[in-house]
Amino acid sequence: MAGSDPQKLMTKADKLTQLSLTRWSADWKNASVLYEQAANGFRVAKNYDKAKLAFEKASKGQEMLSSPWDAAKHMEAAAALAKELGNWSEVADFYRKASELYNECGRSQPASDALAKAARALEDAVPEDAVQLYIDACEILEEDGKEQMAFDLYRAATNVYIKLEKYTDAAAFLLRLGLAADKCNATNSQCKAYLGAIIVYLYAHDIKQAEKCYNDCSQIDAFLRSDQNRCASKLLSAYMEGDIEEIKRLSQSSTISNLDHMIIRIARKLPTGDISGLKMDAGKEDEPLDENDLT
Amino acid sequence: MSVIDILTRVDSICKKYDKYDIEKQKGGNVSGDDAFARLYGVVEADIEASLGKAEAAAKEKNKASAVALNAEIRRTKARLLEEVPKLQRLAMKKVKGLSPEEFAARNDLVLALPDRIQAIPDGTATAPKQTSWTTSASRTEIKFDSGVEPIQARDQGLDMISEGLDTLKNMAHDMNEEMDRQVPLMDEIDSKVDRAAADLKNTNVRLKDTVNQLRSSRNFCIDIVLLCIILGIAAYLYK
């Protein structure tokens with residue numbers, strides 16, 4: 001049976017599932033087996049289109065047999081083939097379906113893995129969808145209390161945001177990563193996330209936001225005591241003084257070189273824009289204070 | 001490295017390997033057989049390279065790299081000074097096809113070399129003014145040199161150690177977090193494997209019971225008898 005033509009297997013399986021006068025209930029058990037074999041045969045023959053179809057049907061069969069785990073596995077295989085074909089909407093759909101089926105089994109890790117695979121496949125083609133998938137994957141893990149696993153997903157989502165140049169979103173995500181890290185007492189990741197967020201704000205030339213972010217993060221003990229805090233404060237004071245050399249020197253330092261590679265890249269490009277303007281603003285701010293002091 | 005540095009270095013490298021350029025040698029004035037000319041060419045190239053490095057060191061903002069460059073320059077200078085006596089000996093040798101004026105010129109060139117080598121700036125506070133006439137001055141200069149250098153070298157070493165430690169610290173922290181992540185997974189694996197082991201044990205016991213049952217003699221005899229009957233019938237049919 002294994003060696004026979006996958007097309008024949010497909011037609012046979014189809015016949016088993018089609019309801020007619022002679023057949024009053026579909027024989028999903030045998031049909032699923034045949035669909036799976038046909039799909040493997042098509043895959044070996046590199047006939048991705050038919051293989052994808054066969055996997056879809058096999059998955060449906062397994063669902064009918066109330067075995068969501070196998071159904072999900074078949075869905076994932078179908079999605080992988082859809083990726084080969086470059087059919088991005090189908091990729092997203094299939095992986096989402098697979099993730100739901102995994103959730104039905106009560107297994108959150110594979111569910112989020114399925115969404116993460118989808119996001120990785122769509123990163124280049126449809127980055128907005130990819131980001132949404134990453135967010136959903138993170139939520140699944142957080143609901144289940146497995147934040148530690150979510151770190152990589154947060155980092156990947158941040159990278160996609162940075163590529164899309166959506167810096168506020170990227171920084172917000174890094175802060176979410178910090179929050180997740182806080183829940184698991186992963187202080188190193190937390191501090192790196194906060195430093196990353198500050199750098200992203202500085203790269204977007206949003207100095208006020210960066211300062212606010214820094215002040216917020218300084219409320220957190222773990223960050224306050226860390227190297228990353230020192231680096232962040234030095235960076236912000238260099239920005240205040242408009243000292244470009246200092247900024248460049250800090251971005252070469254080892255603290256920043258231990259961060260995520262996308263963040264290192266944007267840190268090396270600091271400072272963006274004109275910092276001499278900042279120096280003037282800082283000077284102007286001082287003047288009214290001085291007047292108040294004198295009077 | 002700036003573009004100018006790259007250009008200078010490429011020039012010096014080309015000059016150094018010109019001796020392998022056959023076309024140039026055939027048409028050029030550097031003869032392939034003349035050992036003196038070759039060695040002199042090499043020394044010249046080294047001097048040029050060191051001058052380039054000295055300029056780079058002067059422009060360098062990072063103290064550690066400036067110190068490293070200066071140390072390299074000093075090493076090159078020492079090496080070149082060792083080559084000078086060799087050159088002098090070669091200059092003395094008579095080479096065919098060489099005019100007497102060129103011969104004399106060679107000698108002068110060799111004599112001028114030590115001055116040129118010493119003149120290469122290597123970042124020491126007091127550059128030697130005239131090393132040819134006061135060896136004692138150069139000796140005190142050297143003493144001052146050895147006073148400044150170890151501290152800078154030590155700073156440089158400490159910087160490198162600090163960088164390495166930073167990397168190690170980061171790696172250790174990451175490893176710590178990874179371990180924390182693995183602990184609940186290992187617990188899950190542990191419980192699952194325990195369950196699977198218990199199931200297997202159970203299954204084995206049941207299998208043993210079943211096989212024992214099957215092995216009971218009555219069933220076995222009946223099986224053998226039936227088998228014989230079937231073989232008999234088959235033999236009869238095929239006869």
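Me: In this predicted model, what makes helix H5 (residues 88–105) of chain A and helix H7 (residues 127–143) of chain A roughly parallel?

Reply: Their axes make an angle of about 5° and lie 13 Å apart. Angles under 35 degrees count as roughly parallel, so H5(A) is roughly parallel to H7(A).

Me: Which residues of H5(A) and H7(A) meet?

Reply: Arg96(A), Ser99(A) and Asn103(A) are the residues on the H5(A) side, and they meet Gln132(A), Leu133(A), Asp136(A) and Ile140(A) of H7(A). By class, this contact has two nonpolar, three polar and two charged residues.

Me: Why are helix H8 (residues 147–163) of chain A and helix H9 (residues 167–183) of chain A called roughly antiparallel?

Reply: The angle between them is about 170°, with the axes 9 Å apart. Over 145 degrees counts as roughly antiparallel, and H8(A) and H9(A) therefore get that description.

Me: What is the make-up of the contact of H8(A) with H9(A), by class?

Reply: There are 12 nonpolar residues, one polar and five charged. On the H8(A) side the residues include Phe151(A), Tyr154(A) and Tyr161(A), and on the H9(A) side Phe173(A), Leu174(A) and Leu177(A) are among them.

Me: Why is the pair Lys52(A) and Glu90(A) called a salt bridge?

Reply: The closest N and O atoms of the two residues are 2.4 Å apart. The cut-off is 4 Å between a side-chain nitrogen of Lys or Arg and a carboxyl oxygen of Asp or Glu, so the pair qualifies as a salt bridge. Lys52(A) sits in helix H3 (residues 48–64) of chain A and Glu90(A) in helix H5 of chain A, 38 residues apart, and the pair thus links distant parts of the chain. Over all chains, the structure holds 20 salt bridges.

Me: How do you know that Lys169(B) and Asp227(A) form a salt bridge?

Reply: Their side chains meet at 2.7 Å, N to O. The limit is 4 Å, so this pair counts as a salt bridge. Between chain B and chain A the count is three salt bridges, along with eight residue pairs in polar contact, both residues at pLDDT 80 or more. The side of chain B that touches chain A has one nonpolar, two polar and seven charged residues.

Me: How many residues does each chain give to the contact, and what area is buried?

Reply: Chain B gives 10 residues and chain A gives 13 residues. The buried area is about 1100 Å², with 36% from carbon and sulfur atoms. In chain B, Asn170(B), Glu177(B) and Arg181(B) lose the most area to chain A, together 52% of what that side buries.

Terms used: Residues numbered from 1 in each chain as written. Chains lettered and ligands numbered in written order. Predicted model: local features only at pLDDT ≥ 70, side-chain atom pairs only at ≥ 80, totals over all residues. Heavy atoms only, no water. Contact = heavy atoms within 4.5 Å. Buried area = accessible area lost by both parts, 1.4 Å probe. Polar contact = N/O pair within 3.5 Å; in protein donor to acceptor, adjacent residues only side chain to side chain. Nonpolar A, V, L, I, M, F, W, Y, C, P; charged D, E, K, R; others polar. Axes fitted to C-alpha atoms, helices over the stretch in contact; angles between N-to-C directions. Helix = DSSP H or I, 4+ residues; strand = E, 2+ residues; numbered from the N terminus. Parallel < 35°, antiparallel > 145°, perpendicular 65-115°, else oblique.
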